[in-house]
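This report describes charged side-chain pairs, a nonpolar core and selected residue positions in one protein model. The sequence and structure are shown first.

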Amino acid sequence: MTGMKKAYIHIGLEKTGTTSLQVFLQKNRVALRSNNFDYMGDEDDLYVHGIGHFPIVASFYDKCPNIVPPNKHLRASEVLDALYIDSKASNYDIILSCEHFSSRLHKREN
């Protein structure tokens, strides 16, 4: 039996190079997997927009924030359920990245 998988969540700050990190992670997914990490970043996934995990943050807003298009603004339960299912199916520790984890999720009623 293998050890418990981990999730690494990069919360960053806006304007601190987060996009560069996300580009690096996205472009190096094969190398990351060969080292037992998975940057969960397929645009078709409910929890991904572009190269980051912006829909996770957006899902906690009643109205669609400007960080995702309307088709990526879903209920938190949908987004988090999809993330949970995909992370369970992954054989790797997962990496998530979104600078808005730190800047836009700061109060309960987002």
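## Salt bridges

Across the whole structure, a search identifies 5 salt bridges. The model is a predicted one, and the distances and accessibilities reported here are computed from it.

One of these salt bridges joins the side chains of D38 and R29, with an N to O distance of 3.8 Å. D38 has a relative accessibility of 7%, and it is therefore classed as buried. R29 is likewise classed as buried, because its relative accessibility of 12% falls under the 20% limit.

## A link between two loops

K72 and E43 form a further salt bridge through their side chains, at 4.0 Å from N to O. This pair connects distant parts of the chain, 29 residues apart: K72 belongs to the loop between helix 3 (54-58) and helix 4 (76-89), while E43 belongs to the loop between strand 2 (37-39) and helix 3.

The two partners can be set side by side by accessibility. K72 is buried, at 7% relative accessible area, whereas E43 is partly exposed, at 36%.

R75 counts as exposed, because its relative accessibility is 55% and the exposed class begins over 50%. E78 is partly exposed, with a relative accessible area of 30%.

## Nonpolar core

The largest nonpolar core comprises 17 residues, and M40, Y47, I56, I67, L83 and L96 have the most contacts inside it. At least two residues of this core come from each of helix 3, helix 4 and strand 3 (93-97). Helix 3 makes the greatest contribution, with 4 residues.

What does I67 contact, leaving aside its neighbours within four places in sequence? Its partners are H49, F54, V57, A58, H100 and R104.

## An exposed loop position

D62 is located in the loop between helix 3 and helix 4. With a relative accessible area of 74%, D62 is exposed. Between D62 and G17 the C-alpha to C-alpha distance is 28 Å, and the two residues are 45 residues apart in sequence.

Methods. Residues numbered from 1 in each chain as written. Predicted model: local features only at pLDDT ≥ 70, side-chain atom pairs only at ≥ 80, totals over all residues. Heavy atoms only, no water. Buried < 20%, exposed > 50% of the residue type's maximum accessible area, 1.4 Å probe, protein only. Core = buried A, V, L, I, M, F, W, Y, C linked by side-chain atoms within 4.5 Å. Contact = heavy atoms within 4.5 Å.
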